[in-house]
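Here is a short report on a single protein model. Please keep the sequence and the structure open while reading.

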Amino acid sequence: MTAETSQTLDRGLRVLKLLADTDHGLTVTELSAKLGVNRTVVYRLLATLEQHALVRRDLGGRARVGLGVLRLGRQVHPLVREAALPALRALAEDIGATAHLTLVDGAEALAVAVVEPTWTDYHVAYRAGFRHPLDRGAAGKAILAARRSAQAEPHCTLTHGELEAGASGAAAALVGVTGIEGSVGVVMLADSVPERVGPRVVDAAREVSDALR
């Protein structure tokens with residue numbers, strides 16, 4: 001710890017990270033061991049976090065992440081959207097297709113930012129807020145592929161007609177962004193995705209990933 005940082009805040013954030021990484025919660029004793037501090041310190045940290053609804057304790061005394069974290073999480077999407085928009089605009093204009101940023105929301109893929117090209121006669125209408133299963137459509141499949149391979153670089157996933165008849169999609173997962181699972185992609189009215197689109201989508205995914213790090 002440096003003079004400019006808060007030890008208490010650091011410990012509180014570490015508590016939240018530890019709880020976020022477990023499905024069954026942690027006891028005071030377990031948190032004490034993981035943090036390397038005594039139980040009294042852990043009790044104080046949990047009491048403070050409970051006051052802000054960031055932590056809750058069940059009847060057995062196990063601490064879990066509280067619903068207050070969800071309220072904070074809702075503010076993440078606007079920040080992510082703002083960071084991604086320049087790369088999405090460039091992608092949409094370059095390819096002449098609707099570009100989108102999609103994030104994981106539970107078991108679904110959620111489009112949080114969409115940019116349509118300005119110069120085309122027609123393009124696919126795709127709206128922010130659109131949801132679909134992760135295992136359907138290029139955006140979700142790119143995310144699942146990244147999970148399986150733990151890839152260090154984004155790779156392009158192609159689909160046709162899975163979400164909309166006659167539409168093809170290309171997407172590449174965000175890579176190296178802590179705490180966010182997502183993908184950047186395009187959707188177009190075509191029987192197949194032109195060869196040059198894949199590398200361009202990968203470049204855009206890399207740009208967005210860099211902007212979010």
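Contact here means heavy atoms within 4.5 Å. Helices (H or I, at least four residues) and strands (E, at least two) are DSSP runs, numbered from the N terminus. Buried means under 20% relative accessible area, exposed over 50%, and partly exposed in between, with a 1.4 Å probe and protein chains only.

The model is predicted; local features need pLDDT of at least 70, side-chain atom pairs count only at pLDDT 80 or more, and totals for chains, interfaces and linings use all residues. Residues are numbered from 1 along each chain as its sequence is written, and side-chain values use heavy atoms, with hydrogens and water left out.

**Overall**

The protein has seven helices and eight strands. Its C-alpha atoms fill a box of roughly 65 × 40 × 30 Å along the principal axes. Of its 213 residues, 42% count as buried. Take the contacts between residues at least 6 apart in sequence: 49% of them join residues at least 24 apart.

Helix H6 covers residues 138–149. H6 has 12 residues and reaches 16 Å from its first C-alpha to its last, close to the 16 Å expected at 1.5 Å a residue. The expected span is 1.5 Å times one less than the number of residues. Buried positions in H6 are Ala138, Ala139, Gly140, Ala142, Ile143, Leu144 and Ala146. Their cover includes E3, strand E4 (108–115), strand E5 (131–133), E6, E7 and E8. Just after H6, Ala150 takes a positive phi of about 50°.

Helix H7 spans residues 197–212. Its 16 residues should span 22 Å, and the end C-alpha atoms are 23 Å apart, which agrees. The buried residues of H7 include Val197, Arg200, Ala204, Val208 and Leu212. Helix H5 (76–95), strand E3 (98–105), E6, E7 and E8 are among the elements that cover the buried residues of H7.

**Ala138 and Thr157**

Ala138 sits in H6. What does Ala138 touch, not counting residues up to four places away in sequence? The partners are Thr157, Thr159, Gly169, Ala170 and Ala171. Ala138 and Ala171 are 33 residues apart in sequence, yet 5.3 Å apart in space, C-alpha to C-alpha. Thr157 lies in strand E6. Beyond four places in sequence, Thr157 touches Ala138, Lys141, Ala142, Gly169, Ala170 and Ala171.

**Two loop residues**

Leu26 is in the loop between helix H1 (7–20) and helix H2 (28–35). Leaving aside neighbours within four places, Leu26 is in contact with Leu18, Leu19, Leu31, Lys34, Gly61, Arg62 and Ala63. The C-alpha atoms of Leu26 and Ala63 are separated by 5.3 Å, at 37 residues apart along the chain.

Ala53 occupies the loop between helix H3 (39–51) and strand E1 (55–57). Ala53 has a positive phi of about 60° although it is not a glycine.

| Residue | Relative accessible area | Class |
|---|---|---|
| Leu26 | 6% | buried |
| Ala53 | 27% | partly exposed |
| Tyr126 | 9% | buried |
| Phe130 | 32% | partly exposed |
| Ala138 | 7% | buried |
| Thr157 | 18% | buried |

**The aromatic pair**

A pair of aromatic rings is described by the distance of the centres and the angle of the planes. Rings of Phe, Tyr and Trp (its six-membered ring) pair if their centres lie within 6.5 Å; planes under 30 degrees apart count as stacked, over 60 as edge-to-face and the rest as tilted. How many aromatic pairs does a search of the whole structure find? It finds one. Tyr126 and Phe130 form this edge-to-face pair, at 5.3 Å centre to centre and 65° between the planes.

**The second largest pocket**

On a 1 Å grid over the protein atoms alone, a pocket is an open set of points where a 1.4 Å probe fits, with protein on both sides within 12 Å along at least five of seven lines; lining residues have an atom within 4 Å of a point. A volume is the space filled by probe spheres set on the points.

The second largest pocket has a volume of about 240 Å³. Of the 22 residues that line this pocket, Tyr126, Gly137, Leu163, Glu164 and Val187 are the closest to its centre. H6, strand E6 (156–160), strand E7 (167–173) and strand E8 (182–189) each supply at least two lining residues. The largest share, four residues, comes from E7.
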